[in-house]
Amino acid sequence: MKSLDHSDRKILHLLQENSREKLESIASETGLSVATVQRRIKHFRSTGIIERETALISQAAAGYSMTFLIFVEMEQEKSYQLDSFRNKVMTEPQVQQCYYITGEADFAMVVLGKDVEDFERLTHRLFFEDNNVKRFRTSVVMSRTKTGISVPLGGEIKEKTH
């Protein structure tokens, strides 16, 4: 485990806000040289601290006006059945997030839909056609209060081992 210093946390914070932030701007914000910032970012990528960089697309621009929270309860939790469901979810582009959870449900999902009919087609693909899905409960998101995937940065961070 490696401790992040203040400059590391600042670099990662700036990149979480905008992954295309210019090296010169990051260097100015941190008081480091451009070469040092570049070297640290390369290290963050190579050790898995930065997993990937991606563009955030507007749901509305892509025609997805609805967001759903879905809680799925499985009939059985054998590993091959869970893997089968996970694989199906992984290939479904409308599923933004899926978590295997404890509690009353087995999975919690965040799903996009263009409209109710689009969502109904998705439920048939994911749930009604799967004999191992016992039941699912859906909530419609009325408005977004906060969304994001930024990670709070503390002092310790684990580098991935390859």
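In the predicted model, R144 is located in the loop that joins β5 and β6. The residue is partly exposed, its relative accessible area being 49%. Apart from neighbours within four places in sequence, R144 is in contact with Q59 and T67. R144 and T67 are 77 residues apart along the chain, and their C-alpha atoms are separated by 9.2 Å.

Confidence in the chain averages a pLDDT of 92, and 94% of the residues score at least 70. The lowest value by element belongs to strand β6 (residues 156-157), with a mean of 70, whereas β2 has the highest, at 98.

The largest pocket has a volume of about 2,100 Å³. Its lining comprises 50 residues, of which R52, T54, L56, G148 and I149 are the closest to the centre. By class, 25 of the lining residues are nonpolar, 15 are polar and ten are charged. At least two lining residues come from each of α1 (6-17), β2 (66-74), α4 (79-90), β3 (95-100) and β4 (107-113). The largest contribution is that of β3, which supplies six residues.

Strand β4, one of the elements that supply the pocket lining, contains F107. With a relative accessibility of 1%, F107 counts as buried, because this value is under the 20% limit. Beyond its neighbours within four places in sequence, the contacts of F107 are I70, F71, V72, M74, L82, F85, R86, C98, Y99, Y100 and I101. F107 and L126 are 19 residues apart in sequence, and the distance between their C-alpha atoms is 12 Å.

The relative accessible area of N132 is 8%, so the residue falls in the buried class. With neighbours within four places in sequence left aside, N132 is in contact with E73, M74, E75, Q76 and Q81.

Helix α2 spans residues 23-30, and its buried residues are I26, A27 and T30. These residues lie on the same side of α2, because they cover an arc of only 100° around the axis. An α-helix has 3.6 residues a turn, so residues three or four places apart point the same way. The cover over the buried residues of α2 includes α1 and α3 (34-46). E24 and S28, on the other side of α2, are exposed.

S25 also lies in helix α2. This residue is partly exposed, with a relative accessibility of 27%. S25 and L14 are eleven residues apart in sequence, and the C-alpha to C-alpha distance between them is 9.5 Å. Helix α2 is followed by G31, which has a positive phi, near 80°.

Technical notes: Residues numbered from 1 in each chain as written. Predicted model: local features only at pLDDT ≥ 70, side-chain atom pairs only at ≥ 80, totals over all residues. Heavy atoms only, no water. 1 Å grid on protein atoms, 1.4 Å probe; cavity = no way out; pocket = protein on both sides within 12 Å on 5 of 7 lines; lining within 4 Å. Points joined across faces, edges and corners; volume = space filled by probe spheres on them. Helix = DSSP H or I, 4+ residues; strand = E, 2+ residues; numbered from the N terminus. Nonpolar A, V, L, I, M, F, W, Y, C, P; charged D, E, K, R; others polar. Buried < 20%, exposed > 50% of the residue type's maximum accessible area, 1.4 Å probe, protein only. Arc of directions from axis to C-beta. Contact = heavy atoms within 4.5 Å. pLDDT = per-residue confidence, 0-100.
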